[in-house]
Each structure stands twice: as C-alpha cells, then as structure tokens.
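Please keep the sequence and the structure in view while reading.

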Amino acid sequence: METANLNDRQIVQAILGRDTEVTKAFLYGRCMPLFAAIHSKYYTDCETPVELINEIYLYILTPHRQTLRSRLEDFGFRCSLAMWLKILTENYCRQLFARRIDIDENIDTAGDRYLPYEESLTANTRKLDMEDLRKILLMMPNPRYRRLIELRYVEEKSNEETAQLLGMTMANYYNKHRLAKAQFEAILRKEELL
Amino acid sequence: MINRELLDRFESIDDLPVCEELLGAYIEGRLRGSELREVERLVASDEALQELGGSYPMPTIFSTFLDVFYLDARFLPLADDSSIVSADLNDINLPTIPTIEEIQRMRFGKCTDEKAGPVHKFKQKSNIGDRFNNLT
C-alpha cells in the first residue's frame with residue numbers, strides 16, 4: 001500500500017474510517033522513523049516503537065468523554081499530519097515519561113548542525129589509510145550510503161556527479177548525503193578516528 | 001484494547017499553551033501576522049513549546065534500522081513507501097478503538113462526583129424501575 005500518493009486529508013479519512021491498510025502503511029510504515037526517534041528519546045513503558053504507535057493510535061482515536069470526538073477528528077490540517085503526530089506524541093511522552101538525556105544528547109549520530117563542514121570530512125577521509133577506510137565503509141550498514149561516501153569522499157566526485165552516478169535527483173541526493181555523512185561520521189567517531 | 005489505566009493516562013495529558021496543530025503550523029512556517037506573533041511570543045516564554053519544536057539526533061540502533069539519523073523539527077523523516085516491508089505491517093494488529101459506551105462503562109467502574117455522568121443515567125433508570133414497581 002502506497003501512502004505517498006495520498007494527501008493528509010485522505011489519510012485522515014482512511015484512519016478515521018478504520019482502513020487498516022492505509023493506517024498501517026502510514027502510522028507503522030511511513031511515520032515509523034519519527035515514532036522511533038521519540039520512543040528512543042524517552043523512557044516510555046512501551047518496549048518498542050510499534051507499542052508506542054499502538055498507544056498513540058488509541059490516543060488520537062479514542063473519543064473524548066466530554067466532546068465525544070476523537071483528537072484526530074478535530075485535526076484541522078493547519079500543519080502537516082506528520083508534524084501534528086510528532087508534536088502530539090512528543091508532548092504525550094514529555095508529560096508522562098522521563099527523558100533519556102544522557103543517551104540522546106551524547107549520541108554520536110548528530111545531524112548537520114553538529115557535523116564539520118564537508119571539506120573537513122574530506123580531509124578526515126584523506127587522513128585514513130586505505131585499509132582503515134575500507135573497514136569503515138564496510139561497517140556502514142546501508143550499502144547505498146556507503147557508495148555515496150565512496151564516490152563523494154574517496155573518489156572525490158562532485159555532488160552532481162555523485163547524484164548522477166547514484167541515479168538520484170539533487171534534492172534526494174542532498175537529503176541522503178546528510179544521512180550518509182552522519183552514518184559515516186558516527187562510525188569514525190566510534191572507532192576513534194575522528 | 002484500551003483499559004481504564006490507559007484512559008486515565010490519556011485524560012491526564014495537559015493541553016499546551018498553543019495547541020499541537022498551531023505549533024506545528026508555526027514550525028512549518030505557515031503562520032502569518034498576529035497569529036504568528038502571538039505564537040512566537042508564547043514559544044519564547046515556554047520551555048515545553050521550545051523543546052517540542054526542537055530537533056534531536058536518533059540513536060544508532062534506530063538510525064541503522066531505519067536509515068534515519070536525525071529528527072529534524074521542520075523536515076520530518078518519513079520512510080519511503082519502497083522501504084516499508086508489507087510483511088512486517090501484516091504482523092501488526094491494530095488496537096481496538098473503544099466506543100463511547102465502552103468508555104462510559106469504564107468510567108462507571110470508578111466514578112467520582114466529578115465524573116458523575118454515567119451514575120446519573122443509572123440512577124434515572126433505577127428510579128423509573130422503582131416507580132413501575134410501586135404501581136403494582
């Protein structure tokens with residue numbers, strides 16, 4: 001089931017109409033990364049992100065005892081559905097559970113704002129000998145990200161060339177590049193090479 | 001299936017000074033004019049709102065599994081349809097959503113003055129029954 005072709009109104013209608021296929025594909029599929037991130041940020045009593053999604057699913061669909069309407073029924077599309085779910089879930093967890101401050105704030109997988117500039121990553125890559133570099137690349141769990149790093153920082157192709165070789169649009173490339181870079185750097189730091 | 005404990009938990013969640021939807025619209029840059037200024041003012045003075053609008057990294061265990069390393073407040077990481085494994089989704093059983101009646105029944109189990117709706121209904125029923133009995 002593809003939900004990328006559905007707009008937020010269609011998804012909301014489907015969830016409210018108990019369309020299990022769309023509900024699962026959207027909440028448990030497409031939104032899994034954001035629920036997983038929130039799940040990992042708090043000491044919830046849900047063992048897995050799926051359990052957290054189950055709970056949020058109930059939270060947004062259970063009718064309020066006074067208004068007799070569910071939270072999802074009252075969603076007015078002023079923001080995206082994913083954003084609403086993110087804020088609602090995080091507010092839910094924030095009020096009920098303690099935050100895993102130490103784990104999350106010191107984790108080695110930071111986004112762009114914590115990463116050195118692209119040039120410094122190139123410089124760091126150059127410092128590694130080829131054997132270390134190969135080991136690091138093999139430790140990258142995502143082969144597509146591994147290839148991106150290889151092309152961009154080992155073979156030193158331009159961003160445009162790398163995107164073309166990977167068959168990506170530039171928008172998709174920049175998104176994947178950020179993620180690949182974070183994955184690569186996380187491993188470098190873990191191996192104390194950065 | 002929902003239970004009384006979960007229902008209590010849902011009802012214990014306090015409203016934010018700015019509702020989730022409006023905060024979301026603010027983060028996504030969709031607000032204008034006086035509404036924008038008002039939300040800006042509230043966000044600036046409320047730590048919870050600032051935190052909810054923040055970004056944070058994802059731990060390795062999830063980022064490796066999901067290919068997502070950073071939960072950016074403005075550009076939420078959604079999985080591609082192609083990366084969603086339908087077999088995994090098939091294993092998921094959606095929880096059953098309770099009806100209003102079920103919720104009221106759960107409330108009825110432990111009613112206080114504040115939650116007197118179902119008790120009131122029950123008493124009315126009893127009175128009618130008593131009247132009927134008295135007629136005979």
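Contact means that heavy atoms lie within 4.5 Å. This is a predicted model, in which local features need pLDDT of at least 70 and side-chain atom pairs count only at pLDDT 80 or more, while totals for chains, interfaces and linings use all residues. Residues are numbered from 1 along each chain as its sequence is written, chains are lettered from A and ligands numbered from 1 in the order in which they are written, and side-chain values use heavy atoms, with hydrogens and water left out.

## The two chains

Helices (H or I, at least four residues) and strands (E, at least two) are DSSP runs, numbered from the N terminus. Chain A has 11 helices and 0 strands, whereas chain B has 8 helices and 2 strands, arranged along the sequence in the pattern α-α-α-α-β-α-β-α-α-α.

The table sets out values for each chain. In it, buried means under 20% relative accessible area, with exposed being over 50% and partly exposed in between (1.4 Å probe, protein chains only). Accessible areas come from the Shrake-Rupley method with a 1.4 Å probe, and for residues only the protein chains shown count as cover.

| Chain | Buried residues | Accessible surface and its carbon and sulfur share |
|---|---|---|
| A | 53% of 194 residues | about 9,100 Å², 46% |
| B | 41% of 136 residues | about 8,400 Å², 51% |

Among the contacts with a separation of 6 or more, residues 24 or more positions apart account for 61% in chain A, and for 41% in chain B.

## Selected residues of chain A

A:Lys41 belongs to helix α3 of chain A, which covers residues 32-41, and it counts as buried because its relative accessibility is 1%. What joins the side chains of A:Lys41 and A:Glu90? The answer is a polar contact of 2.4 Å, where a polar contact is a pair of N or O atoms within 3.5 Å; within protein, one must be able to donate a hydrogen and the other to accept it, and residues adjacent in sequence count only if both atoms are side-chain atoms. Along the chain A:Lys41 and A:Glu90 are 49 residues apart, and their C-alpha atoms are separated by 9.1 Å.

Two loop residues of chain A call for a remark on backbone angles. Most residues other than glycine have a negative phi, and most peptide bonds are trans. A:Arg18, in the loop between α1 (8-16) and α2 (20-30) of chain A, has a positive phi near 60 degrees, and it counts as partly exposed because its relative accessibility is 42%. A:Glu156, in the loop between α9 (143-154) and α10 (159-166) of chain A, has a positive phi near 55 degrees, and it counts as partly exposed because its relative accessibility is 38%.

## The start of chain B

The N-terminal end of α1(B) is capped by B:Asn3, a side-chain oxygen of which lies 3.2 Å from the backbone nitrogen of B:Glu5. B:Glu5 itself sits in helix α1 of chain B and counts as exposed because its relative accessibility is 60%, whereas B:Arg4, B:Leu6, B:Leu7, B:Arg9 and B:Phe10 of α1(B) are buried.

On a 1 Å grid over the protein atoms alone, a cavity is a set of points where a 1.4 Å probe fits but cannot get out, and a pocket is an open set with protein on both sides within 12 Å along at least five of seven lines; lining residues have an atom within 4 Å of a point. Grid points are joined across faces, edges and corners, and a volume is the space filled by probe spheres set on the points.

The structure holds 1 cavity of 30 Å³ or more, and the largest cavity has a volume of about 50 Å³. It is lined by A:Thr62, A:Pro63, A:His64, A:Arg71, B:Leu7, B:Phe10 and B:Glu11.

The second largest pocket has about 330 Å³ of space, and of the 18 residues that line this pocket the closest to its centre are A:Tyr59, A:Arg71, B:Asp15, B:Cys19 and B:Glu20. α5(A) gives the most to the lining of the second largest pocket, with 3 residues.
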